[in-house]
Amino acid sequence: MASIEKYIVVNQIMKNFNKPWAIAGGWSIDLFLGKVTREHDDIEIVLYRKDQLAIQEYLDDWSFKKMQNRTVLPWARNEHLALPIHETYAEKANEKIEILLNELDGEHWLYRRDSRIKRELDKAFLTTNSGIPILSPEIALLYKSKDPRPKDEMDFRNIYNYMSMEQKQWLRDSLRMIYLEHSWIDLLN
């Protein structure tokens, strides 16, 4: 299946899920830009950890797996996953969705790698003009900033000129908080 079709299928599957969720990763960057800028290998969605059992109920005829200690294991129905587990998968026939659990403190999205980094909930998940929920680009890039691969560098270069000054400042401040040096910091000035 071509990558654009994967995104469309996942969006269709999730359209009636009544909890906050968003397209993540490289697709969130492309959807923010309104164009496909590169090939995408997979599609990830994010939702808040507190809604993990709701996704199991919503996708009730799917099977679930979790990534624990770099091993893919079954994720039992009604099993509550705590940190550090954040990567899960839902599978059915030829469909597979990577579901990344995100943290919150009630009023803020929290970066799981460093909870000092926060983002207001209304700025964490955005909605595109076509009504598709996406992880905000500054958060997507923050995740991509740890050991960036060529595709992460491409995503950064494709979007940083389209981010607002406030988004750039938030990302720059966040990068400064967790890294002594990072090649993206100077470009965000």
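## Reading burial, rings and backbone

Me: Is Phe125 buried or exposed?

Reply: Phe125 is buried, because its relative accessible area is 15%. Here buried means under 20% relative accessible area, exposed means over 50%, and partly exposed is in between, with a 1.4 Å probe and protein chains only. Please keep in mind that this is a predicted model, in which local features need pLDDT of at least 70 and side-chain atom pairs count only at pLDDT 80 or more, while totals for chains, interfaces and linings use all residues. Residues are numbered from 1 along each chain as its sequence is written, and side-chain values use heavy atoms, with hydrogens and water left out.

Me: How many helices and strands does the protein have?

Reply: Helices (H or I, at least four residues) and strands (E, at least two) are DSSP runs, numbered from the N terminus. On that basis the protein has 8 helices and 10 strands. Its radius of gyration is 16 Å, close to the 16 Å that the globule rule gives for 189 residues, so the protein is as compact as a globular protein of that length. That radius is taken over C-alpha atoms, and the rule is 2.2 Å times the number of residues to the power 0.38. Along the principal axes, the C-alpha trace spans about 50 × 35 × 30 Å.

Me: What percentage of the 189 residues in the protein do buried residues make up?

Reply: Buried residues make up 47% of the 189. For contacts, the criterion is heavy atoms within 4.5 Å. Among contacts with a separation of 6 or more, 57% come from residues 24 or more positions apart.

Me: How far apart are the mean positions of the positive and negative charges?

Reply: Lys and Arg count as positive, Asp and Glu as negative, while His and the chain ends are not counted. Each charge is placed at NZ of Lys, CZ of Arg, CG of Asp or CD of Glu. For the 27 positive and 30 negative charges of this protein, the mean positions are 1 Å apart.

Me: How many aromatic pairs does the structure hold?

Reply: A pair of aromatic rings is described by the distance of the centres and the angle of the planes. Rings of Phe, Tyr and Trp (its six-membered ring) pair if their centres lie within 6.5 Å; planes under 30 degrees apart count as stacked, over 60 as edge-to-face and the rest as tilted. The structure holds 9 such pairs. One of them joins Tyr48 and Phe125: it is stacked, at 4.9 Å centre to centre with 10° between the planes. This pair links distant parts of the chain, since Tyr48 is in strand 2 (residues 44–48) and Phe125 in strand 9 (residues 125–127), 77 residues apart. Tyr48 counts as buried too, at 4% relative accessibility.

Me: Which kind of pair do the rings of Phe64 and Trp75 form?

Reply: Their centres are 5.5 Å apart and their planes lie at 85°, so the pair is edge-to-face. Phe64 belongs to strand 3 (residues 63–68), and Trp75 to the loop between strand 4 (71–74) and strand 5 (87–92), 11 residues apart. Phe64 is buried at 5% relative accessibility, and Trp75 is buried at 4%. Elsewhere, ring pairs link Trp109, Tyr111, Tyr143 and Trp170 into a cluster.

Me: Which peptide bond is cis, with omega near 15°?

Reply: Most residues other than glycine have a negative phi, and most peptide bonds are trans. Here the bond from Leu83 to Pro84 is cis, with omega near 15°. Pro84 sits in the loop between strand 4 and strand 5. That loop also holds Asn78, whose phi is positive, near 65°. Asn78 counts as exposed, at 62% relative accessibility. Asp147 has a positive phi of about 50° and is not a glycine either. Asp147 lies in the loop between helix 5 (137–144) and helix 6 (150–159), and it is exposed at 64%.
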